[in-house]
Every structure is written in structure tokens, then in C-alpha cells.
Amino acid sequence: MPGCLWEIFPSDVELFVQNDSAAALACGTLGRLYGCVLIAGTGTIAYGFAEDGREAWAAGAGPVLGDQGSGYAIAQQALTAVMRARDGRGPSTTLTTAILDRLHLSLPDEIIGWAYADSSWARIAALVPTVKACAAAGDIVAGKILSSAVEELVCSIKAVVKRLTLAGEDEMKPFTLVMVGGVLETDEGWDLGKQLIQYIYKLFPGVHPIQPKVEPAVGAAMLAWTLYFKASGRHADCNGKLRT
């Protein structure tokens, strides 16, 4: 990657290459690489940075190796629940009618052809709002799927926080948790992000959850700004003016 970038930028430009999770964290910490970020969209990953520069991550290995808690995993479990209800292996669920309507299909058997017609993970994950709508309407199966997703996401956060001791030895120390991704947004009356925060507070009372209103790309710019000042020995005051 750096070699390709050298072909784009002048030779006197200093390059910093980071995991994209760093940009997601920075958009909630104003460019500071300290704390934990949870990304929960089509896929999911929890990534953390300690004050001494250590890094740790959990999940993020893709759906084949188990991205539990991700949009893909939620939707895949919902589709499986529909097929189980269809042949009597599982309880009936309103997910059946809701998903068939969403996909403009008539029968559960038609889901098989739809699912294998396109291998795009994002295409499957797009069903998450439908799952949330069913859960908000009281469907037990959909509710269990989303509750399980919350538990999996919390498990990833917990693994990172403990490995980096972000919450201290007593697990009471304040630290920032940045949360980004469509799964964590409120859809159809179901706020999965709020569920997750309530769960995390029970484990780490000092956690400071942030759901940024800006895109991770803005975090990348703030991170570049921070790294530039660090490398040049300068900083910006509260008015944005450069100081040495």
C-alpha cells in the first residue's frame, strides 16, 4: 500500500497508514487514538488502542469465520428462522411474511433461489431493518436474534477492553467507546445501540459511549491533523491556531 501511495503523493509528503478502524475511532475522539471502537454494519469488528500504543481487536474475520452481531449475521439468522418455521423445525414467526413482502416473494421456498442468486453480503444484511420491525412489533424470534446480536457485540468489546486494560484493573476507569455502523442505528422503533450501551454500563461503569454524527472519513482527516502536529512538534490551540 505505501508503495502505491508514493506514486500519487510528492516524495516529501509523510505517509501514515492505519487500519480503517482507527478512522472510525478518531471521528468520535477528535483524532485521539485511545479507547475502543465498535463497527457494526454488514460486518463487525471491535478495535482498541491503549495509551501506550498497544492495539487489540476482536471479531472482524468475516461471515465465513463468524462475524456474530453483524448485519449479515442478523439477517442470515432471520432467513434461517423463516426456513425453520417453514418446515416445522422452528416456531412460527412474523419474519416470514415481513421478509417475503420485503423481497417481493410469495412463498418461503422462493427465498432459497433469492439467497443463492447473489453472494453479496450487503444484500443479505439489508434485511436488518425488517428484523428490527418485527422485533418492535413483539415477534419473539426476531427479538431473540437481536438480543443475541447485542450479546455478541458486547463480547467483542469486552475482549478488547480487557486485553488492553482500558477500564483499569478494577474495570471502573473511564474510557471512550465509539459506536458506528447501521446495525447500531434506530430502525423501525428498535434501538439496538441503546440496548448495547445499557449492557456495557453494567460491565464497565466508567465507559463513555459516543455515536458520532460524522463519517469515519472525517475521523481520518482529524487523525491526519493530530499525527501531523505530533510529528512537527506543534499543536493547535482552542481557536485552531498553530503553536510551537
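Which residue in the turn of the β2 and β3 hairpin has a positive phi? That residue is Gly-53, with a phi of about 95°, and the hairpin leaves 5 residues between β2 and β3. The model behind this is a predicted one, where local features need pLDDT of at least 70 and side-chain atom pairs count only at pLDDT 80 or more, while totals for chains, interfaces and linings use all residues. Residues are numbered from 1 along each chain as its sequence is written, and side-chain values use heavy atoms, with hydrogens and water left out.

Now for the overall picture. The protein chain holds 10 helices and 9 strands; these are DSSP runs, numbered from the N terminus, with helices being H or I of at least four residues and strands E of at least two. Of its 244 residues, 41% count as buried, where buried means under 20% relative accessible area, exposed over 50% and partly exposed in between, with a 1.4 Å probe and protein chains only. Taking contacts between residues at least 6 apart in sequence, 63% join residues at least 24 apart; a contact here is heavy atoms within 4.5 Å.

Back to the strands. β2 (residues 44–49) and β3 pair in the antiparallel sense over 5 bridges, pairing being called when DSSP finds at least two bridges between two strands. Within this pair, Ile-45 stands opposite Ala-59 in β3, and Gly-48 has Ala-56 as its bridge partner. On to β1: 6 bridges join β1 to β2, and these strands also run antiparallel, with a hairpin of 3 residues joining them. Here Gly-35 has its bridge partner, Phe-49, in β2. Because 6 of the 6 residues of β2 are buried, the strand is largely enclosed by the rest of the structure. In a regular strand the side chains alternate between the two faces of the sheet. In β2, Thr-44, Ala-46 and Gly-48 point one way, Ile-45, Tyr-47 and Phe-49 point the other way, and all are buried.

Helix α2 (residues 20–29) is mostly covered too, with 9 of its 10 residues buried. Among the buried ones are Ser-21, Leu-25, Cys-27 and Thr-29. Their cover includes β1 (35–40), β2, β4 (175–180), β7 (207–210) and α10 (216–232).

As for Phe-175, leaving aside neighbours within four places in sequence, its contacts include Tyr-34, Val-161, Phe-204 and His-208.

Charged pairs come next. The structure holds 7 salt bridges, each a side-chain nitrogen of Lys or Arg within 4 Å of a carboxyl oxygen of Asp or Glu. In one of them, Asp-109 meets Arg-86, with the closest N and O atoms 2.6 Å apart. This pair links distant parts of the chain, 23 residues apart: Asp-109 sits in the loop between α4 (95–103) and α5 (110–117), and Arg-86 in helix α3. Asp-109 is partly exposed at 38% relative accessible area, and Arg-86 is partly exposed at 45%. Another salt bridge joins Lys-132 and Asp-187 (3.3 Å, N to O). It spans 55 residues, from Lys-132 in helix α7 (residues 128–136) to Asp-187 in strand β5 (residues 186–187). Lys-132 counts as buried because its relative accessibility is 0%. Salt bridges that share partners also join Arg-32, Glu-51 and Lys-173 into one network.

Finally, the surface. Val-64, Leu-65 and Trp-121 form a nonpolar patch there, with about 390 Å² of accessible area together. Patches are made of residues with over 30% relative accessible area and no salt bridge, with like charges joined within 9 Å and nonpolar side chains (Val, Leu, Ile, Met, Phe, Trp, Tyr) within 5 Å. Val-64 lies in the loop between β3 (55–59) and α3 (71–87), and counts as exposed because its relative accessibility is 73%.

Terms used:
Accessible areas come from the Shrake-Rupley method with a 1.4 Å probe; for residues, only the protein chains shown count as cover.
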